[in-house]
Amino acid sequence: MTYVADIFMSQSWKDHRLRLPENMTMKYRLLPVNWLKKMWRPDSFFRNAKRVTFQEMTIPNHYIWLYSDKTILYMVKLTLLLSCAMKFETYPHDTQTCTLKIESLSYTTDDLIFDWEEEVPLVVDESIELPQHNLVDSTLGDCTKVYSTGNFTCIEVVFTLKRRLGYYMFHTYIPTCLIVIMSWISFWIKPEAVPARVTLCVTSLLTLSTQHAQSQKSLPPVSYIKAIDIFMSSCTVFVFASLMEYAFVNILLGEGGADDSQNEDEQRRPQRSPNGSQIKTSAPKGMRNMVVVPKMQDSSPQLPNGTKTKQTSSSYRHNRHRNRAILVDKISRVVFPLSFVILNISYWSVYLELLEL
């Protein structure tokens, strides 16, 4: 990842080879900028910079001061595009450290050593406002590194950035929770409404997958799991479980429906008279859609001990399976929200504690 910084960089050094005019009475003197080509200056460069832009509006933004004790101050304004190695394991609850490294290009530590000014080494504008981060701290350090050609001096500024959660709360976490809650509405819809319940669960699942893809757009593709992946995947499991819950409810209803269809097939078979002959009925011309049932005397024998007929028993089994399906829905109305609350408590307690560290 990269970040952009506008900086005023000042470098000061003493050059005892300079000969000052005898009539110099001022503390310092402003020198022409073209004198830089005739003077020695440190060969500093930005080690982690990808691009450096020199500001020239409205004039070249640099100047040289020469002090009476032969100290030279060189000030320049630059716009830097710097690389920053970020880790996203706890994204978007992460805290990143980005550096700005200044190193000597050709002089080893035997000839040149960089050091921070003792009085005011670094000034950070307090009015800086970043859209997604808070600048928590800025510290100074030494990044001198040993290469195969020698030991080259290096100093660095370490910026500590803490990510703001406001954007992600309103664009990721809250909408995702509402999608999960929306999938629970199917528990209050009657089990026989197959299109309504299936459409609601599938729509929630597709919306959640789109929401997950949207949350990854501003990130580089990394191979490890992030904090937001854990939350989004858990929400996806909840929505998928609500779809599987209805599949189980539909299985319970199907067991009762199978008995009813079997009874309907038996009722459609031709009826027989008491003497064993089949009773065929026919409708007059023009009344093909009417069913004529002959009036017969009730010759079915009385069943002992009040035993129910086959039709009554089938209806009883159907109601029993339906009651079981409704019971599963009632249990889901409690188990799913309770489990989701436990998930949120666990998730936020872990990652909010990391933010405070």
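Tutor: Start with Ser-215, which lies in helix H2 (residues 194-215). Keep in mind that this is a predicted model.

Student: Why is Ser-215 called buried?

Tutor: Buried means under 20% relative accessible area. Ser-215 has 7% relative accessibility, so it counts as buried.

Student: What does Ser-215 touch, leaving out residues up to four places away in sequence?

Tutor: Its contacts are Tyr-91, Thr-172 and Ile-228. Of these, Thr-172 is among the buried residues of H1, and Tyr-91 is buried too.

Student: How do you know that the span of helix H1 agrees with its number of residues?

Tutor: The expected span is 1.5 Å times one less than the number of residues. H1 (residues 166-183) has 18 residues and should therefore span 26 Å; its end C-alpha atoms are 25 Å apart, which agrees.

Student: Where in H1 does the kink lie?

Tutor: At Tyr-173, shortly before the proline Pro-175, with a bend of about 25°. Tyr-173 is also one of the buried residues of H1.

Student: What makes Phe-88 and Tyr-91 an aromatic pair, and which kind is it?

Tutor: The structure holds 20 aromatic pairs. In this one the ring centres are 6.0 Å apart and the planes are at 75°. Centres within 6.5 Å make a pair, and an angle over 60 degrees makes it edge-to-face, so both labels follow.

Student: What about Tyr-347 and Trp-348?

Tutor: They form an edge-to-face pair, at 5.3 Å centre to centre and 85° between the planes. Tyr-347 is buried because its relative accessibility is 5%, and Trp-348, at 17%, counts as buried as well.

Student: What puts Arg-41 over the face of Tyr-74?

Tutor: Part of the test is distance: CZ of Arg must be within 6 Å of the ring centre. Arg-41 is at 5.7 Å from the ring centre of Tyr-74 and lies over its face.

Student: Why is strand E10 said to pair with E9?

Tutor: Pairing needs at least two bridges. Three bridges join E9 (residues 145-147) to E10, so they pair, and they run antiparallel.

Notes
Residues numbered from 1 in each chain as written. Predicted model: local features only at pLDDT ≥ 70, side-chain atom pairs only at ≥ 80, totals over all residues. Heavy atoms only, no water. Helix = DSSP H or I, 4+ residues; strand = E, 2+ residues; numbered from the N terminus. Buried < 20%, exposed > 50% of the residue type's maximum accessible area, 1.4 Å probe, protein only. Contact = heavy atoms within 4.5 Å. Bend = angle between axes of the 7 residues up to and from the residue. Phe/Tyr/Trp six-rings, centres within 6.5 Å; stacked < 30°, edge-to-face > 60°. Lys NZ or Arg CZ within 6 Å of the ring centre and 35° of its normal.
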